[in-house]
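Please read the following note with the sequence and the model open beside it. The points go from the sheet to the helices and then to the aromatic rings.

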Amino acid sequence: MSASSGDKAMVVDPFCFRQFEESEASASYKGTVFSTSIAEFEEIVNARFDESKLADGYALFCKHLFVANDFTDARVNVLPITKENEGMIRTKYEARNDKELPVLTRWFPRELVAPDPTDLPVAKYLDLILYSREQINKENAAMNKEGRDGETAPWGIVSIKAQDVDRELPMTPVTAMRNALGKEHGGSGVPVDREAYMEAYEYWRDHATVS
């Protein structure tokens, strides 16, 4: 089914505002940031929404929608770790907001591995990670966070990944660990799936994000 701009199936959740330049939070965000406005982004992706193409995520309330990236200049932000670049990796304990517990993260500083933005290719796809309205409301209540006033769209876009494949890349192991925490600590309360965790380990032991 398709969704018109007046009857949205998806909206950008406030947690994801940091991925848009119009939000002050984007200044300190290390991932993909879009120059496109939130309103324009929502209009474009809702016009492409097809419920039959939702892919299952790590829990029943999580889905993925893969859309062709022909409307942004978002670039791939994951690189293989090699002997030549492994010394550039940086690590830091950080939380994505003041309600979460800090966890250890690692990344390639963009200024070291891709000082010119064009050094990284434009992504072919965007992976829209969706949470159900019910789950978003539960997590907001547990963390005393405000959502979008009166929002009823069934899906909230909680993260957007720029990538070259139209399938889910494994979430980082530390994200799986964080998701297993209670909602009051910034998790979703979903237990770690060992098989999925090991799949993530196999991928991320040899890759790191660029930010």
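1. A residue is called buried under 20% relative accessible area, exposed over 50%, and partly exposed in between, with a 1.4 Å probe and protein chains only. Strand 3 is mostly covered, since six of its seven residues are buried. Across the protein chain, 43% of the 211 residues count as buried.

2. The model is predicted, so local features need pLDDT of at least 70 and side-chain atom pairs count only at pLDDT 80 or more, while totals for chains, interfaces and linings use all residues. Residues are numbered from 1 along each chain as its sequence is written, and side-chain values use heavy atoms, with hydrogens and water left out.

3. The protein chain has five helices and nine strands. Here helices (H or I, at least four residues) and strands (E, at least two) are DSSP runs, numbered from the N terminus. In that direction the elements follow the order β-α-β-β-β-β-β-α-β-α-β-α-α-β.

4. What is the radius of gyration of the protein chain, and what would a compact globule of 211 residues have? The chain has 17 Å, which agrees with the value near 17 Å for such a globule. The radius is taken over C-alpha atoms, and the globule rule is 2.2 Å times the number of residues to the power 0.38. Along the principal axes, the C-alpha atoms fill a box of roughly 50 × 35 × 35 Å.

5. Five strands form an open sheet in the order 1-8-7-3-2, with mixed pairing. Strand 1 (10–12) and strand 2 (55–56) are at the edges with a single partner strand each, so one side of each has no neighbour in the sheet. Two strands pair if DSSP finds at least two bridges between them.

6. Strand 3 (residues 62–68) and strand 7 (residues 125–132) run antiparallel and are joined by seven bridges. Within this pairing, V67 has L126 as its bridge partner, and H64 stands opposite I129. Strand 2 also runs antiparallel to strand 3, with two bridges between them; D56 is partnered by K63 of strand 3. A hairpin of five residues joins strand 2 to strand 3.

7. Two helices lie across strand 1, strand 7 and strand 8. Helix 1 (residues 38–47) runs at about 155 degrees to strand 1, whereas helix 3 (residues 133–142) runs at about 70 degrees to strand 7. Axes are lines fitted to C-alpha atoms, for helices over the stretch in contact (heavy atoms within 4.5 Å). Angles run from 0 to 180 degrees between N-to-C directions.8. The structure holds eight aromatic pairs. Rings of Phe, Tyr and Trp (its six-membered ring) pair if their centres lie within 6.5 Å; planes under 30 degrees apart count as stacked, over 60 as edge-to-face and the rest as tilted. F41 and F71 form a tilted pair, 5.7 Å centre to centre with 50 degrees between the planes. F41 is in helix 1 and F71 in the loop between strand 3 and strand 4 (78–80), 30 residues apart. F41 is buried at 0% relative accessible area, and F71 is buried at 18%. Ring pairs also link F20, F34, F41 and F71 into a cluster.

9. F61 and Y131 form an edge-to-face pair, 5.0 Å centre to centre with 75 degrees between the planes. F61 lies in the loop between strand 2 and strand 3 and Y131 in strand 7, so the pair ties together parts that are 70 residues apart in sequence. Both residues are buried.
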